[in-house]
Amino acid sequence: MNETKGSVSHQAYLDKIARRQRRITAIRILIFVLFLGLWETAVRQKWIDGFIFSSPSRVMTTFAQMCADHSIFLHIGITLLETLTSFFLVVLTGTGLALLLWYSTDLSEILEPYLVILNSLPKSALAPLLIVWLGANMKSIIAAGISVAIFGTILNLYTGFASTDPDEIKLIYTLKGTKRDVLARVIIPGTVPLLISIMKVNIGLCLVGVVIGEFIGAKQGLGYLIIYGSQVFKLDWVIMSIVILCMIAMGLYAMINCAEKIYLRKR
Amino acid sequence: MPLLELDHVSYSYHSKSGETYALSDISFQVEKGEFIAVTGPSGCGKSTLLSLISGLIAPNEGTIRLNGSSRYRETTNIGYMLQKDHLFEWRSVYRNVVLGLEIQHRLNEETDKHVREMLETYGLSRFADARPSELSGGMRQRAALIRTLALDPELLLLDEPFSALDFQTRLSVCDDVASILEKEKKTALLVTHDLSEAVSMADRVLVLSSRPARLRRILDIRYDKPKMTPLEKRSAPEFQKYFNLLWKELNAHE
């Protein structure tokens, strides 16, 4: 190894990288603060109508009020519960079905066109149907969350399984392994990185599906709050819900990132 | 009795566009402890030959016998080394090396000891808990060989195991593999398109024709000075002679 730690030029290089990183972080924060400041000023100076556009302070006040009467926790909790439930169901059934398709070449060939069509269908079109079929309850909202993510999951995972290096599979057979060994020792461990990246996409998709579902048929949840708020012209509610949805999306993504780090360290 | 015996073996592939004759009427025998190299024009079916011997596929015609039995796949282990080492990154070096034992549920104190001894002997014990990506190309190939030897195979099939290595590594890995096989007293069948590799490693070289591959010639390789490594053989006087013979044989009918 040719790493000299103490060298002056190397230290200068490291400093340069650190300076750049600090600058980027500072500008990011600046944009955020400027945006909030501009928004608040625009409302206070009556450039725009606070009744329609709300404002950071109005959002905070609304949030504080709803925290005080605990109603916000119910809405957040319901949306989170529905999102996580549909996410886990998508991961479980998606992986299971993708494995089934890998196991049976006939089945995968038969079902392929159906999966492609279902995957390219705009899933929000299914939500009204699901509400009619399953009723205006949590079941149909979870189903809406699942419907958005499931087909893509199956297709992507199956493609991942199928693109395993045939020589790696041959290796298992030369060691007298069976198809089950191929599955357990090559296919599954080999596609864990793919599964994680699919999960990162899915958690966002499930949230989208759940909110769509709540738009149409719910009495609780952030999607309900958005629709209801827009109908009664409580736009503070709407904007606050959108901000909370942003934070939920970030938090869920961070959760999967965290799981990925644990996996990478542990394996 | 020869260890391995091929008797009029033929094999053809089927695809939509038709039938491809890969091997035609191949017969030869391999004695215990021999090192055989198989060479021929590219795409002639050399690898198919190894797949047949390993029992991954069955011949259309003819029989393959190991120790006199044609139903050897259930009872005997045949080691098979592929072009790439295919060490799995999600397993440590040790867990890669015991993969075969794990699959056959034979990982016990005794086999574990054997594997650890081999890792020690062949300079990998320090890396037992490392990831494959931390190994050099030569070390990876040695690890793959130990994975194969861990099952104590009667016969080793080597399918161009050095072709993915750079030239310098290839020369030293050839030496390594030759000495390891000599030490473990293994019979080996090496498929290669590298004539110098064949001449420097094998006791006999089988030359196949282009597809459908027939056995064109069997060339015995003898060096006056015993116990030379493949690298030393490359500068021995006989090396050039055998090399030229093989070269002519391969290019005679093209």
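Which residues of S6(B) lie on one side and which on the other, and are they buried or exposed? I looked up both faces and found them covered, with B:Leu155, B:Leu157 and B:Asp159 on one side, B:Leu156 and B:Leu158 on the other, and all of them buried. I take a residue as buried if 20 or more other C-beta atoms, placed from the backbone, lie within 10 Å of its own, as exposed if 12 or fewer do, and as partly exposed in between.

I note that this is a predicted model, in which local features need pLDDT of at least 70 and side-chain atom pairs count only at pLDDT 80 or more, while totals for chains, interfaces and linings use all residues. Residues are numbered from 1 along each chain as its sequence is written, and chains are lettered from A and ligands numbered from 1 in the order in which they are written.

**Chain B, around S6**

Strand S5 (residues 78-81) runs parallel to S6(B) and is joined to it by four bridges, with B:Ile78 opposite B:Leu155. Strand S7 (residues 187-191) is also parallel to S6(B), through five bridges, and here B:Leu156 stands opposite B:Ala188.

**Chain B, the open sheet**

I found an open sheet of three strands in the order S2-S1-S4, with antiparallel pairing. Its edge strands, S2 (18-30) and S4 (61-66), each pair on one side only. Strand S1 (residues 4-15) is joined to S2(B) by nine bridges, and B:Tyr11 has B:Leu23 as its bridge partner there.

**Chain A, helix H7**

I checked the length of H7(A), residues 138-162: its 25 residues should span 36 Å at 1.5 Å a residue, and the end C-alpha atoms, 35 Å apart, agree with this; the expected span is 1.5 Å times one less than the number of residues. Because 21 of the 25 residues are buried, H7(A) is largely enclosed by the rest of the structure.

Helix H4 (residues 71-103) packs against H7(A) at about 35°, with the axes 7 Å apart; axes are lines fitted to C-alpha atoms, for helices over the stretch in contact, and angles run from 0 to 180 degrees between N-to-C directions.

**Chain A, Ser120**

A:Ser120 and A:Gly152 are 32 residues apart in sequence, and their C-alpha atoms are 8.7 Å apart in space.

Technical notes: Pairing = 2+ DSSP bridges. Helix = DSSP H or I, 4+ residues; strand = E, 2+ residues; numbered from the N terminus.
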